[in-house]
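Please look over the sequence and the structure shown below.

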Amino acid sequence: MARPSGPILSGECRSCPPDVNLPSPKECRPVSNIVLAELEVDGVWESRITWDHPHSASVYKYRVVLEKSVNASWVEKFNGDVASRFFVISNPVSGDYRISITAVNRFDVSSSAVVKSLSMNVPEIMLVGIAATVDNSIYPATALVIGDVEGIDSFPANSIIYETETKSGASQWLPAGKGTAPSSRLTGLDEGQHDIRMRAVPPFGEPSQWHQTQITVFSVEQPSQLTFTPDSTLNHWGQLSWSGAGQSWEVEVRQSTQLLRTQENALWHSTTTDHKIWLNWQPPGDYVITVRSRAGQLASEWSEINVEVADLLPPTDLSFTGDDSGSTGGLVSWQSADERMEMCELELLNDQGEVLHTAVTGSPQAIIPVLAPGEYSALVRCRWREHLSTWASLVITVTDSVSAPSDLKFSTTGETAWQGELIWNPYGLPSELEIINTNTTETVLSLTLLSGYHHLSLLPVGSYQARVRTIGTWSQSPWISTTIVVGQPDTPDNLQYRETPDNVTTAGQLYWEGSTSAGVSGYDVVITDSNSATVLATRVQSTWLDIGNIANGQFTAQVRAVSLLAAEFSDWISTSFTVSPLASPINLSAVEKLVETGTGFTSQITLKWQANDTRTQSYDVEFRLVSVTAWGGLYSGPSNTASRNGLTAGDYRFRVRAINGGMESGWVETSLTVRGIETAPDDITGLQLSGLTGELAQLTWDPITSVDVINGGSVQVKHSPKIGSAVNWATANSIWERLPGNTSMVTVPLLTGTYLVKAVNPADFWSVNAALVESNMASLKGYNRVVERDESDGWPGEKNKAVIDVGGSLTLSETQENSDPPYYIMESPLDLGALFTVRLHLECDGTVYERDTIDDRTDPIDNWEMFDGAQAGGTGLQYQVSTTNDDPADAAATWTDWTQFFVGDFRARAFKLRIVLANPTPSAAGTLNGLRLVADVPDRTETHTGVSAPGNGLPVSYKTPFLAPAMVAITAHGMTTGDYYRITNSTAAGFTIRFYNSSGSGIARDFDFVAVSYGEG
C-alpha cells in the first residue's frame, strides 16, 4: 500500500535578526550590470559603457582598463580612473573589446575587478566599385567617374566625402576631385592610359577602401604598312590591315579612274575600331583603297593602296564520255580555271540550232540526254556573280549500235508459289521478255524490263519457250531463248501425327514435308477410322492440319499434293495414328459451410477438383444421397469448382468427369456427411487484452465469420486465475454469458490469470477450442486481501449427486435420483464481520469430462464431441453466490436467492458459494480438488480542510470508518516558532489531535488532514 508523505508531525520555527544594509569600510563590493550602448551624437559616434554599484555613494573612483583584440592579442587602449559610473569612447573602431572595472571606496579599499567582453559595431561605408566613361570626341579628353556605394543610409545626409585621384604610368596619385556626390568629372586627359581611384570618407568611423579602374585616351596617326590579303575562301575580296594610332578608322574603295575623292563617288565606305577590315567583292577592274584614323573630331591624312580584280577565266579540258547502256546520251566534263567560279552554263548545238541549254552547279560535269545519231557542238562557260567568262567548245559525234543479251537461264527456287526465275545479261539496256506455249504457240507473257531478272509466276503443266532481246533508243537486238518444262507435282513426304495435349480444341495434328515441285497449290487430306469410314476430308494450303476433337480410337490419314488449278495430283502418302482417351479429374474434395439466406441459414456444399488432361473443355458434376441409387445433376461447365445450397442433412456421394467434344473421361467420386446447423462453429481468433483503467480491461477478437453465430448465436467469456496447461474451460469463472454473436469486444474486470472466449450457435453447438489470452497486469488500484475462505478437506458442505473419491477429490455427476442438478455448497459462509464493499473472486481446481468409453458409444464418430478427458461444449461447472447483511451465525439471517457468480464488487457481510454441474450429459462428470473464496478490499482516502482544534485538543471522527487504522498527514496553519502538535488514539474510526506552543501549553490552531487506509467499516 502506498503511504502518503506529509509534513513533520512536530518541530520549531526560529527567528533571524533584521538585515542592516550598511557598507563595511574594510570591504568594497564589485560593480555589476556592465552595459554597452552605441549611438551618434552631434555627428560623432559614441560607444558608452555604463555600470552599477550597490554602494555608489561610498565609491569615489573607478579604475578602468580597456583592451582591443588585434590579431588574436589584446592591445591596451585605455588605462585610468573615472569618477562616474560610465565611460565614453568617441569615434571608436569596430571590433572585439574587453573592459576591466575596479571600484575604490573612500577608504582606498579596492573591490575585485569585473571583466566583461564587448563587441563594438561602428557603421561602415563601403565603396563596392567604380565605373569610368571616356569622351574622346574632344581632345584633351574628359571622363565621368561614378562610384557604387553601400551603407550610405547609416550616416547623415551629405556627410560623406568622396575623394577621386588619378595618375599616368608610374607617376604619383594626384587629387582629381572631392565632394559629397559619389561621382567626379575629370578633364584635360592626354593621350594614353590613366589610372583612376575613388574612396568614401564618412563623418565617423573608418574610410572605405580605394577602388581603382583604368581608361585609355586616343589621338590620331596616319595609317601605315597597308597590306591587302586575298580571301582564300572567296567569301570576300580580301582583308586590308594597317598600323598606327587612332580611336577608329575610315575605309573607302574607289575605281582608280576616280581622281576626285568624295564620299559620294566612293564605291564602298565603312568604319572600324580594329586595325583590319574585310572588303566585299568588286567587279573586275583596278581599284584604290584608302584609310585614315579618327579620334573625336580629329582625323589623320589618308593612306592608300592599289588592288586589281581580274577577269573571269573560261573552263578548260572539255571531254565527252558516251553511255553504253543507252539510258543517257553520255557525260560532258571540264575543269574550272578560275576559283571564283560559282556555276557554269552548258549548250548543245547541231546544224539545226540549240538542242540543250542548262545551268550546272557543283561538280564540273553534266549528263546529256539520249541524242539522235549526228554531230553536235558542246559549249561551256563560267559565271561569277554577274560576270561571265568566254565559251570553251567540244565536238561530239553520236552513232547507233545495240548489243544482244547473253547467258539466258531458267532455274527453280524451291518456292511453291512461283515457277522459278529467269536470269540474263542485258548489258545495261532495257529488255523485252516473252513466254510462249510451244504446243499452242500462244504468248502467255510479254514484259519490258529494266533489269536482267524476272520472277516467273506459276504456269500450267506443259512446255514453254522463254526469249529475251535488248532495246536501244532507235532499234532492238536479236532474240535469245531457253526452254521451260512444267510437269506433274512430286509426292509429299514424312507424314506424321502428334497429339496436342496443351490444346483443348484439338485432338492432335498431322504434319508432313511439302512437295518439292513448283506450282503446288495445296494438299488433299483424308482421315478414315478403323471401319474405313471417312471421318474427315479437306484441302489445305499448309503442310499441317489440326484435327478437331474426335472420339478416341485408331485412324488412317492420307495426303497428296495438288498442282495449279487442281489440274494434276501427286501420289498418296499415308500413316496410322491413335487418339488416346480423356483422363479423369483428380483431387476432388467437398466442404460444407453455413450461409445466410435472408430468412435463415442453409448448408452450402463446395466441390473442388483439378484437371488431369489439358484437352479438357468442361466438366459434368452429379450427386446423390447414399440411400438413393439415382444420380442428380449439379453442374456442367468449364469451371473446376461447383457449389450447391439447401441440401438436407444426410450422407451424400459426389462425382465429376471431364468432357472434350465427343470424348468423356471416367467418373471420380467423394463422400460427405451434410450436418447443417448441427455442427460446431469456427473457433474465435485474434483474442487480445488491453488495460483501460486500474479496474477494467478490454477484450477484443477478430470479427466472427460463422453466420450461425452472427445471426442468433452468442459469445461467452470466462476467467481462470490459472495460466498455461492448468487452464480449463469447464472450471473457469463466467464473466459474460450470451453476448450477441456479432460482438468483437467487451469490457471485463482487470484480473491476473487467463481469459477464455468461445462461440455457440443457436443449436447450442460450441466452438471446439476456446480462444485464450493471459494477463499478468496487477490492478492499478490497490487491493487488500482481508478474508479468505478455503474449503476443508473431506468436503463437509451440503452435497447433491456428489461423492468423495478415494483420492479426496469431489465428483459431481447426474444420477437421476432427483430433479436438482448435481451441486456442492461450501460448509461455512465467508464472514467479513460487518457490512463492506469487497471484490469477490474464487479459485477452483477442477475438471469436467465424459466418463464413458469409446466402445460404449453408438453414435457415428463424426457426431462425437470429444474422445475422453475433454468437456462437451455446453457442460461445465457453474458457480453461484448467496449473500446476507445479517450475522450468518444467526438462524434468522436473511439470505438472497442463488445467483450466478461473476467476478466483481459485492456489498454484504457474508457470502455462501455453491458449485453446480450445469447442462450435464448422462456421462458427464465434474471433479473438484480444491476451492477458495477470496474477498479483496480497495484502498480509500478521506480528506478534510479548515478543521479547528481548541486548546484542549480535538477528537476527529472519519465520515466512514476504515477496516484498519489510517495513516494521517497534517497541514497546520498559523504556526509560530516553537509550535508543534501530537496525534493520539489513532483507530479505524478516527484520531485525537492537540497543538502546543514552545512552553508546552495547549493552543488553538486550524489544520487540514489526509487519512489513507482500506475498506469501509
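How many aromatic pairs does a search of the whole structure find? It finds 23. Rings of Phe, Tyr and Trp (its six-membered ring) pair if their centres lie within 6.5 Å; planes under 30 degrees apart count as stacked, over 60 as edge-to-face and the rest as tilted.

## Basis of the model

This is a predicted model: local features need pLDDT of at least 70, side-chain atom pairs count only at pLDDT 80 or more, and totals for chains, interfaces and linings use all residues. Residues are numbered from 1 along each chain as its sequence is written, and side-chain values use heavy atoms, with hydrogens and water left out.

## Aromatic rings

W51 and Y62 make an edge-to-face pair. Their centres are 5.5 Å apart, with 70° between the planes. W51 belongs to strand β2 (residues 44–52) and Y62 to strand β3 (residues 59–70), so the pair links distant parts of the chain, eleven residues apart. Strands (E, at least two residues) and helices (H or I, at least four residues) are DSSP runs, numbered from the N terminus. Both W51 and Y62 are buried. Buried means under 20% relative accessible area, exposed over 50%, and partly exposed in between (1.4 Å probe, protein chains only).

Elsewhere, one aromatic cluster is formed by Y958, F962, Y981, F991, F995, F1007 and F1009.

## Charges over rings

Which residue lies over the face of W479? R467 does, at 4.1 Å from the ring centre. A charge sits over a ring if NZ of Lys or CZ of Arg is within 6 Å of the ring centre and within 35 degrees of the ring normal.

R498 has its charged end over the ring of Y511, 4.2 Å from the centre. The C-alpha atom of R498 is separated by 14 Å from that of I527, 29 residues away along the chain.

## Two buried positions

I527 lies in strand β40 (residues 520–529). Is I527 buried or exposed? I527 is buried, with a relative accessible area of 1%. Leaving out residues up to four places away in sequence, I527 touches L510, A533, T534, V535, L536, I547, F555, T556, A557 and F577. Contact means heavy atoms within 4.5 Å.

T166 sits in strand β10 (residues 161–167). T166 counts as buried because its relative accessible area is 19%. Beyond neighbours within four places in sequence, its contacts are Q172, W173, L174, A176, L186, D195 and I196.

## Strand pairing

Strands β1, β2 and β5 form an open sheet in the order β1-β2-β5, with antiparallel pairing. Its edge strands are β1 (32–41) and β5 (86–90), each pairing on one side only. Neighbouring strands here are turned by 15° against each other on average, direction ignored. Such angles come from axes, lines fitted to C-alpha atoms (for helices over the stretch in contact), and run from 0 to 180 degrees between N-to-C directions. Two strands pair if DSSP finds at least two bridges between them. Eight bridges hold the antiparallel pairing of β1 and β2. L36 stands opposite I49 in β2.

Strand β25 (residues 343–350) runs antiparallel to strand β28 (residues 374–384), with seven bridges joining them. Seven bridges also join β25 to strand β26 (residues 353–360), again antiparallel. β25 and β26 form a hairpin, with two residues between them. Which residue is the bridge partner of L346 in β28? V380 is that partner. In β26, L346 has T358 as its bridge partner.
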